[in-house]
Amino acid sequence: MLRFTLVRLLQAIPVLFAVITLTFFLVRAAPGDPLSSDKAMPPEVYAELSTLYELDKPVWQQYINYLGGLLQGEFGPSFKYLGRTVNELIGAGLATTAELGLYAMLVALLIGICAGVVAALRPNSASDYLPMSAAMLGICMPSFLLGPLLVLIFGIWLEWLPVSGWGNIPGDKILPAITLGAAYAAYVARLSRGGMLEVLSQDYIRTARAKGLPEWLIVLKHGLRGGLMPVVAFLGPAFAGLLSGSFVVETVFQIPGMGRLYVQAAFNRDYTLIMGTTVFFATLIILFNLLSDVLAVWLNPKLRQQYQGGKS
Amino acid sequence: MLCNPAKPSTGANVTRLFITVISVILLTACGSGETNVDRGNRAGILYWGNGEEPQDLDPHITTGVSESYIQESLFEPLVNSHPETLEPEPGVAQRWDINDDKTTYTFHLNPNARWSNGEPVTAEDFRWTFWRAMHPKLGNQYNYMYYPIKNAGPYLRGDINDFDKVGIKVIDKQTLQIQLENPTPYFLGLLSHHSYYPVPRSAIEAHGNAWTRGSHWTRPGNMVSNGAFRLTQWKLFNYIEVEKNPYYHKADQVALNGIRFLPTENITTEERMFRANQLHHTYELPADKTSYYRENAPEQLLNQPYLGTYYYRLNTRIKPLDNPKVRRALALAINRQQIVERITKQGQLPAFTITPPNTAGYTAESSLRYDPEEARRLLAEAGYPSGEGIDTLEVLYNTKESHRKIAVAIQQMWKQELNINITLRNEDWKVYLDSEKRGEYQVSRASWIGDYLDPNTFLDLWIKDGGNNRTGWHNPEYDRLVLEQAPRASSREQRYALLMQAEKILLDEVPVIPIYTYATRHLVHPSLKGVTPNLLDRPFFSHFSLEDTQTQRPNESN
């Protein structure tokens, strides 16, 4: 296990390095000057700012300096938000995005597992078709459509929930969490349905039934354990996706998270902030995929045995 | 399959569990009851949609409208403006004397003026502030606002280094004298611009040099200001909050206890926030919503003339746009009435002058109009009958739906009236700025919002090599009128006459095609009182108040 984890960690380093290098040069190659503004800037001011942000140096030197900073954990100063470091901006947005991702994940698991289990218990009946159709709808409906729709119904028509913000008004976290979690709930529903169907047809379930155990106990104790294996394997990429894919939801609901920061950075050609957020998201995605793989190996005795036996 | 009612199936149990859990979540979340507006009305806190997240709060560094709103609440200038007419009113200066040739202003400061830390605001504070704002190292993009002051130009250009030679003198603790190069009738108006706001020397020096950009003196806990409010919180991308400043010399006249500025880049969400009573005032209003509010809730719509012009720049360095007749033909072939009525639909006015009508009593005469026949004649005269000989023209605009719609309309008008093929080029904001600055365009959409209430704020753009000109056009007579003759005029009438002559040259030669004059478009909650429309669209927070009223919100269905 340890060896497997170490090997996967080592494999992640060149991937991350490639992401950093590619992003660095692509951002600089893209047209658009980060210092430009609609009002003319006196040349001496422009020169002063270019020096401040090292834009007057050759790109390769900027790259070396950037890598040097990264090794010390410094993402550099933001070009747009004066006096703010990228570390500070990421720090401010991360907690919000992580919280949003967590709630969205809870929504996804709660709705997805319930719907999947209900569907699996009576396959090919209305209680299968209905949640599975809803799941298909959830997968197909983009969050930029679902978000405003939920806002319209629960925020404007019913006046039950706030339409934007994060942590400022009671209940303002619900709609964003549902919007972000909906698509993942749909995947979880389909995965748990498949998993449950497979498990419920196993011999040990039949034995449990023959022993006279109540059906709810069979489902909750014996069925879920095996049936949710595909869901567990999906959790890592799902959480990475939730964190890095939150920019639409954060923009729709005006949430002060990383996703919104990412969008603003791109519009403003805030080089350091684009780099910082990209590197950060890339790390998260790599990390969560790694965790998911490790978890899958750990849960699957056959795979575990294989890696423990040194056959990786 | 029939279910035994005494023993529900597992499927039914799980479904019931699922419904119960969802209901509990919704029920616990719902009925939050009090909205921002309710809470704000009760506590005297204004919820203000503020556009973008501010870049900084330093009034000598920022250039954006979002920042200027917050600064408006935090700082009080030497001279303030009337909330509606924008006529000069006492600010930190109680009164002022102007000498006979109108070049020396002596300001008498209010002895009760205080910084938010309780220390008095003195004449020396203003001298230091102006020194800092003009210091080349600070990189103040608005330093040109100081040009009317004697020797400010040479100081800003680095021709002189001794600030004592600049016409700013401290007479005593409460008297400041400013000497101008020329009588500048709009000088008092300039003083209320954020580039002239006083800044606290002790707080700035405690966190770096006078010219350190992005210094932490503007953070809560560090910031000292002298306005009606003081900074209490800055939650990045979430909100900025200010509270009433107890040291403000007119604190007893300030009705609000505080303001919460919310960044609202997404104007569609902002409008929804307004409908859900999360905001008292919006930064903007989506174009497609204006007519709805105009018809259904006109009392909530603030749609007034605004000192801004939307125009097209023409690159006069390239053929066929180097020919004034072609440029004029293009200008005459645009049906502006149709654009404001059918496309922008937000109360904008068709513009035939670059300076908006009635800018501080100035209305230029224009030879421009909608006249496709004359346009065709001019085009033929220029050697391009029925557009023959003009390959295609390209219109550049930055990414925004409204710019695209206007460009498409003008594309059709030029094709239909002049038989000129037009292609459209859409670029991201920063790329568009670069293309324009480098002159890599033929026709480019642009706009200018006046910094102060005077035609000069529009007319000094088009001088030779002006940083914001970007058309390649210049005219020595125009430069002479704007830079030399108008500033020395002995009366306002004479000055305006000279500026009108200059604007006539501009409109005859048409390096830019005015399209429409801006209009403000905000939504204002009925409980917010004291919001008065003004041409600069400046909010005067110290005049605002909130009434605890139960109001209806428009229940629009889309």
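## Chain B as a whole

Among the contacts in chain B whose partners have a separation of 6 or more, 70% are between residues 24 or more positions apart. The model described here is predicted, and this should be kept in mind when reading every value below. Chain B has 17 helices and 20 strands in its secondary structure. Its radius of gyration is 27 Å, close to the 24 Å that the globule rule gives for 558 residues, so chain B is as compact as a globular protein of that length.

## A covered helix in chain B

Helix 3 of chain B, which runs over residues 65-74, is mostly covered, with 9 of its 10 residues buried. The buried residues of this helix include B:Ser66, B:Glu67, B:Tyr69, B:Ile70 and B:Leu74, and B:Ser68, B:Gln71, B:Glu72 and B:Ser73 also belong to that group. What covers these buried residues includes several strands of chain B, namely strand 1 (45-49), strand 8, strand 9 (239-244), strand 10 (258-262) and strand 18 (522-523).

## Where chains A and B meet

The contact between the two chains draws on 61 residues from chain A and 70 residues from chain B. Together the chains bury about 5700 Å² between them, and 58% of that area is on carbon and sulfur atoms. On the side of chain A, the residues that lose the most area to chain B are A:Lys39, A:Leu82 and A:Arg84, which together make up 12% of what that side buries.

Across this interface there are 18 residue pairs in polar contact, and the count of salt bridges between chain A and chain B is 3. In one of these salt bridges, the side chain of B:Glu52 meets that of A:Lys80, with a distance of 3.7 Å from N to O. Several helices of chain A give two or more residues to the side that touches chain B, among them helix 2 (43-52), helix 6 (143-157) and helix 9 (215-227). The largest share of that side, 8 residues, comes from helix 4 of chain A. By class, the side of chain A that touches chain B has 37 nonpolar, 12 polar and 12 charged residues.

## Two buried loop residues

B:Arg219 lies in the loop of chain B between helix 7 (201-205) and strand 8 (229-235). With a relative accessible area of 7%, B:Arg219 is under the 20% cut-off and therefore counts as buried. Leaving aside neighbours within four places in sequence, B:Arg219 is in contact with residues of both chains, including A:Leu82, A:Gly83 and A:Arg84 on one side and B:Asp56, B:Leu231 and B:Trp234 on the other.

B:His281 is buried, with a relative accessible area of 3%. Not counting residues up to four places away in sequence, B:His281 touches B:Tyr47, B:Trp48 and B:Gly49, as well as B:His522, B:Leu523, B:Val524 and B:Leu528.

## Salt bridges within the chains

Over all chains, a search of the whole structure finds 32 salt bridges. In chain A, A:Arg84 forms a salt bridge with A:Glu88, and the closest N and O atoms are 2.9 Å apart. A:Arg84 is buried, with a relative accessible area of 6%, whereas A:Glu88 is partly exposed at 29%.

In chain B, the side chains of B:Glu124 and B:Arg127 meet in a salt bridge of 3.2 Å, N to O. These two residues are 3 residues apart in helix 4 (residues 123-134) of chain B, so they are separated by about one helical turn. B:Glu124 is partly exposed, with a relative accessible area of 30%, and B:Arg127 is partly exposed at 21%.

A salt bridge also joins B:Arg377 to B:Glu374, with the closest N and O atoms 3.0 Å apart. B:Arg377 and B:Glu374 are 3 residues apart in helix 12 (residues 372-381) of chain B, and about one helical turn separates them. B:Arg377 is partly exposed, with a relative accessible area of 42%. Through salt bridges that share partners, B:Lys325, B:Glu374, B:Arg377 and B:Glu381 are joined into one network.

Notes. Residues are numbered from 1 along each chain as its sequence is written. Chains are lettered from A and ligands numbered from 1 in the order in which they are written. This is a predicted model: local features need pLDDT of at least 70, side-chain atom pairs count only at pLDDT 80 or more; totals for chains, interfaces and linings use all residues. Side-chain values use heavy atoms; hydrogens and water are left out. Contact means heavy atoms within 4.5 Å. Buried area is the accessible area (1.4 Å probe) that two parts lose on being put together, summed over both. A salt bridge is a side-chain nitrogen of Lys or Arg within 4 Å of a carboxyl oxygen of Asp or Glu. A polar contact is a pair of N or O atoms within 3.5 Å; within protein, one must be able to donate a hydrogen and the other to accept it, and residues adjacent in sequence count only if both atoms are side-chain atoms. Helices (H or I, at least four residues) and strands (E, at least two) are DSSP runs, numbered from the N terminus. Ala, Val, Leu, Ile, Met, Phe, Trp, Tyr, Cys and Pro count as nonpolar, Asp, Glu, Lys and Arg as charged, and the others, Gly among them, as polar. The radius of gyration is taken over C-alpha atoms; the globule rule is 2.2 Å times the number of residues to the power 0.38. Buried means under 20% relative accessible area, exposed over 50%, partly exposed in between (1.4 Å probe, protein chains only).
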